[in-house]
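Please look through the structure below before reading on.

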Amino acid sequence: MRVSALVCRQQIAIQQAIAENNPLETRRKIARAAVVAWTLEAQAADKREARQNPSLSALDTEIAEEFAAEDAAGLSSDDGL
């Protein structure tokens, strides 16, 4: 199972706290390595998520905004049908 970028960033924060605050050097060392690993995984997750959710083109965005404006104004394409 692949983890999301959000989960990766949560793990980065957890491991950074351990690396900074744990009294045992061995645990701090492992946590620092985990931060590096989670950072790389977060970058990979960002790329995966970007491919899965492609951005709208400028025209698509304009059309979507037009529909949203019509919905907000209470207009609908099936009015009167």
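This is a predicted model: local features need pLDDT of at least 70, side-chain atom pairs count only at pLDDT 80 or more; totals for chains, interfaces and linings use all residues.

Residues are numbered from 1 along each chain as its sequence is written, and side-chain values use heavy atoms, with hydrogens and water left out. The protein chain has three helices and zero strands, where helices (H or I, at least four residues) and strands (E, at least two) are DSSP runs numbered from the N terminus.

**The chain as a whole**
- Read along the sequence, the protein chain follows the pattern α-α-α.
- Of its 81 residues, 16% count as buried, a word that stands for under 20% relative accessible area, whereas exposed stands for over 50% and partly exposed for what lies in between (1.4 Å probe, protein chains only).
- Among contacts (heavy atoms within 4.5 Å) in the protein chain between residues at least 6 apart in sequence, 57% join residues at least 24 apart.

**Helix α1**
- The 17 residues of α1 should span 24 Å at 1.5 Å a residue, and this agrees with its end C-alpha atoms, which are 24 Å apart; the expected span is 1.5 Å times one less than the number of residues.
- The buried residues of α1 are Ala5, Cys8, Ile12, Gln15 and Ala19.
- Because these residues cover an arc of only 85° around the axis, they lie on the same side of α1, the arc being that of the directions from the helix axis to the C-beta atoms.
- An α-helix has 3.6 residues a turn, so residues three or four places apart point the same way.
- On the other side of α1, Leu6 and Asn21 are exposed.

- Helix α2 covers residues 25-52, and its 28 residues should span 40 Å at 1.5 Å a residue, which agrees with end C-alpha atoms that are 40 Å apart.
- In α2, the buried residues are Arg28, Ala31, Ala34, Val35, Ala42, Ala45 and Arg48.
- The cover of the buried residues of α2 includes α1 (5-21), and the cover of the buried residues of α1 includes α2.
- Gln15, which is placed in helix α1, is buried with a relative accessible area of 16%.
- Leaving aside its neighbours within four places in sequence, Gln15 is in contact with Ala31, Ala34, Val35 and Trp38.
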